[in-house]
Amino acid sequence: MATMKALVKSEKARGLSMQKVDIPVITDEHEVLIKVKYASICGTDLHIYQWNEWSQNRIKTPQIAGHEFSGEVIGVGKAVKSVQIGDFVSAETHIPCGYCRLCRTGNMHICKNMKILGVDTNGIFAEYAKVPEVVLWKNAPELSQHFASVQEPLGNAVFTVTTGGVAGKSTLITGAGPIGLMAIQVAKALGAGPIIVSEVKDFRIDMALKNGADYVFNPTKEDVHQKIMRLTNGEGVEAALEMSGNEKALGLCIDALLPSGHISALGVFDKPFPIDINKVIFKNITLYGITGRKMFETWYIASSLLLNKRVDLNKIVTHLLPFEEWEKGFLLMEQGNCGKIVLKIAE
Ligand SMILES: [Zn+2]
Ligand SMILES: [Zn+2]
């Protein structure tokens with residue numbers, strides 16, 4: 001049987017290992033075989049690498065990691081209709097069942113029987129990968145191949161920014177990691193202003209400014225709430241996007257929001273914590289949880305923003321590394337002195 005290089009979670013411990021494994025074979029008529037070209041590293045992949053509590057409870061070993069990619073279709077199951085051999089594709093990570101109540105009511109992204117690519121199934125940090133047709137996204141040929149792999153997290157940013165609407169609104173973004181940075185560009189493209197960012201790391205403060213934030217404040221050094229009130233005639237921001245998973249940042253969103261405002265919360269928190277729910281109630285705030293991407297509305301918006309050059313991923317992708325240097329990418333992410341990291345798997 002032919003083999004390929006793949007990044008495998010083989011031990012129930014920190015790390016991943018580059019191994020020779022069998023190339024996947026199509027066994028279901030709805031499956032598609034992909035030759036992977038580019039793959040980007042997500043925070044979820046870092047958690048699997050670090051073997052945090054979440055991954056210990058969720059990941060079965062051995063399993064190939066990774067879910068953000070672009071590549072070429074090289075094989076299709078008998079029933080596949082939407083793609084052909086030679087197509088340039090990426091894929092949604094949330095694999096829906098297609099028949100549960102949520103799938104049948106426009107909520108495939110939170111399917112009751114959902115599997116996540118590279119989390120519950122073998123992923124795409126490999127020369128070849130097998131994915132079900134239902135999650136495939138056909139890329140425009142003119143889209144850059146390494147940016148195409150970043151559409152999945154860009155979709156998270158699009159979902160977060162578009163849910164409450166930001167056009168003509170003062171907008172607070174808490175957290176300027178890669179998806180926070182994408183949210184700055186998307187919010188700007190959709191007409192938000194001023195865009196006020198709160199971030200603690202110097203590298204990311206600098207990145208936030210380069211990505212178009214109007215103001216960036218460091219909550220460990222300044223009173224961000226007071227700064228926001230000064231910038232908004234004492235009224236507060238009209239929209240808030242929580243991208244950090246930090247308890248204080250969510251508190252800031254609630255406090256600094258204009259009554260009747262909207263908070264979209266994408267950041268995932270380590271553990272439950274109390275919030276002053278009466279502030280949410282008496283301020284008439286909408287607190288909206290974001291998970292994944294709307295399938296496939298956000299994919300249409302994300303790819304349109306890229307193709308029409310409304311979003312520039314050159315300002316977000318800081319490293320393009322050969323597949324062999326994968327571990328360098330994970331360590332860079334662990335330090336946080338980087339934007340998005342993309343691995344080049346093959347030509
Ligand atoms: Zn991801
Ligand atoms: Zn379902």
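## Terms and model

Two strands pair if DSSP finds at least two bridges between them. Helices (H or I, at least four residues) and strands (E, at least two) are DSSP runs, numbered from the N terminus.

This is a predicted model: local features need pLDDT of at least 70, side-chain atom pairs count only at pLDDT 80 or more, and totals for chains, interfaces and linings use all residues. Residues are numbered from 1 along each chain as its sequence is written, while chains are lettered from A and ligands numbered from 1 in the order in which they are written.

## The chain as a whole

The protein chain holds 11 helices and 18 strands. Its radius of gyration, taken over C-alpha atoms, is 20 Å, close to the 20 Å that the globule rule (2.2 Å times the number of residues to the power 0.38) gives for 347 residues, so the chain is as compact as a globular protein of that length. The C-alpha trace spans about 65 × 40 × 40 Å along its principal axes.

Of the 347 residues, 46% are buried. A residue is buried if 20 or more other C-beta atoms lie within 10 Å of its own, exposed if 12 or fewer, and partly exposed in between, with C-beta atoms placed from the backbone. Two residues are in contact if their C-beta atoms, placed from the backbone, lie within 7 Å. Among contacts between residues at least 6 apart in sequence, 66% join residues at least 24 apart.

## Two domains

The chain is divided into domain 1 (3-150 + 316-344) and domain 2 (157-289). These bounds come from an automatic or database domain assignment. The domain centres, taken over C-alpha atoms, are separated by 29 Å.

Domain 1 gives 5 residues to the contact, and domain 2 gives 7 residues. On the domain 1 side there are 1 nonpolar, 3 polar and 1 charged residues. Here Ala, Val, Leu, Ile, Met, Phe, Trp, Tyr, Cys and Pro count as nonpolar, Asp, Glu, Lys and Arg as charged, and the others, Gly among them, as polar.

## Strand β3 and its partners

Strand β3 covers residues 31-40 and is mostly covered, with 8 of its 10 residues buried. Its pairing with strand β5 (residues 68-76) is antiparallel and has 8 bridges. Strand β9 (residues 128-132) also runs antiparallel to β3, over 5 bridges.

Leu33 has a bridge partner in each of these strands. In β5 the partner is Gly75. In β9 the partner is Lys130. Strand β18 (residues 340-344) pairs with β3 too, antiparallel and over 3 bridges. There, Ala39 has Leu343 as its bridge partner.

## The parallel sheet

An open sheet of 6 strands runs in the order β13-β12-β11-β14-β15-β16, with parallel pairing. β13 (215-217) and β16 (286-289) stand at the edges with a single partner strand each, so one side of each has no neighbour in the sheet. Neighbouring strands are turned by 15° against each other on average, direction ignored. For such angles, axes are lines fitted to C-alpha atoms, for helices over the stretch in contact, and angles run from 0 to 180 degrees between N-to-C directions.

Strand β12 (residues 195-198) joins β13 through 3 bridges in the parallel sense. Ile196 stands opposite Tyr215 in β13.

## The three-stranded sheet

Another open sheet has 3 strands in the order β2-β1-β4, with antiparallel pairing. β2 (17-22) and β4 (63-64) are the edge strands, each pairing on one side only. Strand β1 (residues 3-9) runs antiparallel to β2, and 6 bridges join them. Ala6 has Gln19 in β2 as its bridge partner.
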